[in-house]
Amino acid sequence: MNAIIQELARAEEFPTRAVLHCLDNPDEVVPGFLDLLRQYADDPELSDDRAEALFFVIHILGELGEPRAFAPLIGFLSQNPARVELVLGDAKTETMPQVLISVFDGQTDKLYRVMNDPSVDDFVRHAAFTAWTYQVAAGRIGLEEAEGYLMDCYDHLRPREGNDDYVWVAWVESIAYLGFEDLRPLVRQAFDNDLVSPVYINLDDFEDMLGERLAAADPMAFLAGERVKPFTDTIGTLSKWHGFSPEFIEAKRRPLYP
């Protein structure tokens, strides 16, 4: 187990062999992966090179659809935003929504806690909103509850100053993705009151998304087209990232002062 974690932690090139081994042997690796994730969720000051492995561990648990990972993952994502950024980087926006969808264990209260907490990284809150939206569309959360929650967000979601917090984009997207056209006036008010930054999304974008959702014959297929779906391919997704490209690795190996 330690050898696998070390191989993931110290990978310079994409660790395809190690990831394949983990996916092929879940009974062997999942208990240790869950322990590692719990350690970092329980002790935000814990720091050693195993933290480098967490990036891969979280995605592997997502591809495996491991529900036991949901609670410690939520705990980790709720930590200091700088620490979450250090481990996940671009994965906060690119893959965390899908990973949360994959490992969701039915504890909606944990999703709501992240969605409502202004101290949590705003991109993590966006990921939680997206995972929650998927569960609503899949019928695991009632439509009446969902519409009521989104309506209540207009008065209570924080922060409400500066209009640059990404959580308001999540709110707008959730309304569009779920086809709640009765909430259209609230969205317009949110833009009029500068709660939503037009840098990220504008009213026309919302109307287009809502129109596409209402016209969709298959709501789940529509969501999949918007990348609101479970995470299924660690190697195929992550190995294409620039940080694992030959050009990036060669540049990193090149001495600063030749």
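Buried residues are those under 20% relative accessible area, exposed residues those over 50%, and partly exposed residues those in between (1.4 Å probe, protein chains only). The structure is a predicted model, in which local features need pLDDT of at least 70, side-chain atom pairs count only at pLDDT 80 or more, and totals for chains, interfaces and linings use all residues. Residues are numbered from 1 along each chain as its sequence is written, and side-chain values use heavy atoms, with hydrogens and water left out.

The predictor's confidence in each residue is given as pLDDT, from 0 to 100. For the protein, the mean pLDDT is 90, and 91% of the residues reach 70 or more. Helices are DSSP runs of H or I with at least four residues, strands are runs of E with at least two, and both are numbered from the N terminus. Where pLDDT is low, the predicted coordinates should not be read in detail.

A salt bridge is counted when a side-chain nitrogen of Lys or Arg lies within 4 Å of a carboxyl oxygen of Asp or Glu. The count by this rule is nine salt bridges. One of them pairs the side chains of Arg17 and Glu7, at 2.3 Å from N to O. Arg17 belongs to helix α2 (residues 16–24) and Glu7 to helix α1 (residues 2–9), so this pair ties together parts that are ten residues apart in sequence. Glu7 has a relative accessible area of 29% and is therefore partly exposed.

A salt bridge also joins Glu94 and Arg227 (3.7 Å, N to O). Because Glu94 lies in helix α7 (residues 91–94) and Arg227 in the loop between α15 (219–225) and α16 (234–238), the parts tied together are 133 residues apart in sequence. Both side chains belong to partly exposed residues, with relative accessible areas of 36% for Glu94 and 43% for Arg227. The backbone of Arg227 has a phi near 70°, a positive value in a residue other than glycine.

In a further salt bridge, the side chains of Arg188 and Glu207 meet at 3.4 Å from N to O. Arg188 lies in helix α13 (residues 184–192) and Glu207 in helix α14, so the pair links parts that are 19 residues apart in sequence. Arg188 is partly exposed at 39% relative accessible area, as is Glu207 at 23%.

Helix α14 spans residues 203–215 and includes Glu212, which is partly exposed at 44% relative accessibility.

Backbone geometry was examined at two further sites. Asp194, in the loop between α13 and α14, has a phi near 60°, a positive value in a residue other than glycine. Its relative accessibility is 48%, so Asp194 counts as partly exposed. The peptide bond from Arg158 to Pro159 is cis, with omega near 0°; Pro159 lies in the loop between α11 (143–156) and α12 (167–177). Most residues other than glycine have a negative phi, and most peptide bonds are trans.

Val120 is found in the loop between α9 (108–116) and α10 (122–137). With a relative accessible area of 4%, Val120 is buried. The C-alpha atoms of Val120 and Val84 are separated by 9.7 Å, and the two residues are 36 residues apart along the chain.
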